[in-house]
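Have a look first, then we'll dig in.

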Amino acid sequence: MQGLQEKIEASAAHRLQLPPGRLPSQELARYKAFLKVETHRLKLRHRSGGGGVEICQTRATILDVLLRYLWDASRHSLSAQAQKEFPPLALVAIGGYGRAELNPHSDIDFMFLHDGRVVAAGRALPHLARLVDGILYPLWDIGLKVGHSVRSIDDCVKVANSDMQSKTSLIEARVICGSAVLFQKFQKTLVAKCVEGYVDRYIAMRVEDQAARRGKYGNSASMQEPNIKNGCGGLRDFQNLLWMTF
């Protein structure tokens with residue numbers, strides 16, 4: 001894994017550095033070439049015996065590196081004054097991407113975490129809007145499937161306590177780039193306001209979700225054609241144990 005990561009970083013340094021004055025939207029060929037090369041490298045590793053966990057973690061690494069370069073390029077496209085006044089922001093992977101378990105064709109789920117100062121009347125102010133657009137539009141244009149959100153820590157608390165799946169996704173969050181201090185504050189707040197005091201309710205909902213999945217996909221570990229993700233004894237059952245243990 002370490003060798004692969006070093007090769008990915010070296011490839012990115014060679015391919016993803018933009019010429020002065022160029023925006024990510026003007027250099028889509030660079031990002032497409034990087035993904036094509038790294039996807040092929042990943043395929044070769046899989047065919048030579050790389051296990052599923054390694055392949056998924058490496059795919060997450062590829063996207064981490066791509067997003068960091070897009071973040072830096074978008075931030076540097078701001079005016080000198082805007083860069084000086086840049087507020088605390090973090091780009092945060094959530095869900096399966098947050099676990100660094102990203103299959104080659106999975107959606108990429110992440111959020112832009114802010115401290116509340118870059119949103120007014122429900123709309124992103126220019127600093128945040130330009131950063132978000134500078135990252136999202138290139139990803140869409142090169143054909144990636146992206147799920148994204150823009151949230152403050154208070155927003156995260158509200159959505160986590162209103163929806164079990166969202167809470168699970170946020171519990172598994174991982175910072176990609178940006179303010180580590182803001183991300184740490186988010187993690188501490190999430191545990192204090194969404195985990196502590198909610199344990200029994202959360203576990204009950206996870207058990208209910210497990211029963212519903214098994215009812216839909218097969219409630220037997222001896223099926224001849226099991227659904228290995230959602231069926232009895234499948235991936236979701238294993239992950240369910242991890243989530244409840246947390």
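Q: What makes α8 and α10 packing partners of the buried residues of α11?
A: In this predicted model, the buried residues of α11 pack against α8 (164-171) and α10 (199-217); contact here means heavy atoms within 4.5 Å. Helices are DSSP runs of H or I, at least four residues, numbered from the N terminus.

Q: Which residues of α11 are called buried, and what does that take?
A: Buried means under 20% relative accessible area, exposed over 50%, partly exposed in between (1.4 Å probe, protein chains only). In α11 (residues 235-245), D237, Q239, N240 and W243 are buried.

Q: Why do the buried residues of α11 count as lining one face?
A: Down the helix axis they fall within an arc of 160°, so they line one face of α11. The arc uses directions from the axis to the C-beta atoms. L241 and T245, on the other side, are exposed.

Q: Why is α8 called roughly perpendicular to α10?
A: Their axes, lines fitted to C-alpha atoms over the stretch in contact, with angles from 0 to 180 degrees between N-to-C directions, come within 11 Å and cross at roughly 110°. Roughly perpendicular covers 65 to 115 degrees, so α8 gets that label against α10.

Q: Which residues make that contact?
A: M164, Q165, K167 and T168 of α8 meet Y202, M205, R206 and D209 of α10.

Q: What about the ground rules?
A: Residues are numbered from 1 along each chain as its sequence is written, and side-chain values use heavy atoms, leaving out hydrogens and water.

Terms used. This is a predicted model: local features need pLDDT of at least 70, side-chain atom pairs count only at pLDDT 80 or more; totals for chains, interfaces and linings use all residues. Helices (H or I, at least four residues) and strands (E, at least two) are DSSP runs, numbered from the N terminus. Angles under 35 degrees count as roughly parallel, over 145 as roughly antiparallel, 65 to 115 as roughly perpendicular and the rest as oblique.
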